[in-house]
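I opened a new notebook page for this one.

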Amino acid sequence: MAHHLYVLQALTLGLLEPRMRTPLDPYSQEQREQLQALRQAAFQSEGESLGSGLSADRRRSLCAREFRKLGFSNSNPAQDLERVPPGLLALDNMLYFSRHAPSAYSRFVLENSSREDKHECPFARSSIQLTVLLCELLRVGEPCSETAQDFSPMFFSQDQSFHELFCVSIQLLNKTWKEMRATQEDFDKVMQVVREQLARTLALKPSSLELFRTKVNALPYGEVLRLRQTERLHQEGTLAPPILELREKLKPELMGLIRQQRLLRLCEGTLFRKISSRRRQDKLWFCCLSPNHKVLQYGDMEEGASPPTLDSLPEQLPVADIKALLTGKDCPHVREKGSGKQNKDLYELAFSISYDHGEAEAYLNFIAPSKREFHLWTDGLSALLGSPMGSEQTRLDLEQLLTMETKLRLLELENVPIPEQPPPIPPPPTNFNFCYDCSITEP
């Protein structure tokens, strides 16, 4: 029965092959009217203004401009649809979408045609490529296999299943385009992601188109990236229990290396800018950690001057006096300046050290020159205070070191399968009387 259903699905989809193999005829009056209907459905108010009062050249110019807005690569859309596949099948899909989902069609076209930041998603070009993609995934036009049983129940739930699937897929493409913040240069990358989204969802064999819509929309671009990484790790064998155990054993040693690097970076020192109440950033100061990791030394310096020596820095703060490390909005020098838009940009770069100054509590305030310097300094100060280094930079560095060290340890095991469980330990022998006593001398 499964094979018969597969054959029925293949033959039904095979009815689309003639349209897929037929290019658009620029001399066909019917096909020209279909293209005009597609344009007018997207730009109805502008299309109505193309009537009386305009010359033929002006009318043709406006039509060509609207076809460009519609996403055709050429002012004459017939040139885009000469490619086979998809041929006329792409035009059929676009017309079906414009007639059966007019609000979604108008929203897609107008939203992207009005954008001026080079992030517009071309509807016509996307539809043509998406039709080719669907034909490849569903094997339209390929001969039936004699033993295959792969069919999808949703193709038997309604008549125009292929066109309905296109309507869901073209909206998915627009959603993925925005999630990837893609430009025209990223068109092929977006199509690869959409192919993966559709293929993964079709492999689940949803029973209805609504279920397909739900499942494919629950697979955003971020989830596709996560699945790709997980599958890559599985292929490399890095998720096998023995490898995970090895990674856990390597973590303390590698975290020690990261801690050492952070402290060395603090010893090198960094040039910071002072933020005054008038937002002037013309004053500089330098801070570094002493080689014995016991004192923070700092002082003002002139712009363009060479890094000062430890002896030339007048101020000192013993590490033993540091009480806590504050970041972001908890810092006093950021909290006092309010919540202006410019101050919000400093939240991610601000950190402070609270320390004992006599009986009162004082603060040493920093504005990091970059996000990386912020991570390096907060990690280094956390290491000095005995706190865990929890920055995003530490996580990335640890993952990179773990990957490199694991691969080095496994070089000799290349092409050797690693078992999920360790081999069983054999039982002890029944008789332990097998040791030769050398103290007994033979006569």
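How do α3 and α7 lie to each other, roughly parallel or roughly perpendicular? I noted the ground rules before looking. This is a predicted model, where local features need pLDDT of at least 70, side-chain atom pairs need 80 or more, and totals for chains, interfaces and linings use all residues. Residues are numbered from 1 along each chain, and side-chain values use heavy atoms, without hydrogens or water.

**Helix pair.** I found that the axes of α3 (residues 29–42) and α7 (residues 102–113) come within 9 Å and cross at roughly 80 degrees. The two helices are therefore roughly perpendicular (65 to 115 degrees). Leu38, Ala41 and Ala42 in α3 meet Tyr105, Ser106, Val109 and Leu110 in α7 (contact means heavy atoms within 4.5 Å). I sorted these residues into six nonpolar, one polar and no charged.

**Pocket.** I looked up the largest pocket next, and its volume is about 450 Å³. Its lining has 21 residues, with Gln9, Leu137, Leu138, Arg139 and Asp150 nearest the centre (on a 1 Å grid, a pocket is an open set with protein on both sides within 12 Å along at least five of seven lines, and lining residues have an atom within 4 Å of a point). α1 gives the most, four residues. The lining divides into 14 nonpolar, three polar and four charged.

**Salt bridges.** I got a count of 22 (a side-chain nitrogen of Lys or Arg within 4 Å of a carboxyl oxygen of Asp or Glu). Lys205 and Asp150 form a salt bridge at 3.5 Å, N to O. This pair links distant parts of the chain, 55 residues apart.

Conventions:
On a 1 Å grid over the protein atoms alone, a cavity is a set of points where a 1.4 Å probe fits but cannot get out, and a pocket is an open set with protein on both sides within 12 Å along at least five of seven lines; lining residues have an atom within 4 Å of a point. Grid points are joined across faces, edges and corners, and a volume is the space filled by probe spheres set on the points. Ala, Val, Leu, Ile, Met, Phe, Trp, Tyr, Cys and Pro count as nonpolar, Asp, Glu, Lys and Arg as charged, and the others, Gly among them, as polar. Axes are lines fitted to C-alpha atoms, for helices over the stretch in contact, and angles run from 0 to 180 degrees between N-to-C directions. Angles under 35 degrees count as roughly parallel, over 145 as roughly antiparallel, 65 to 115 as roughly perpendicular and the rest as oblique.
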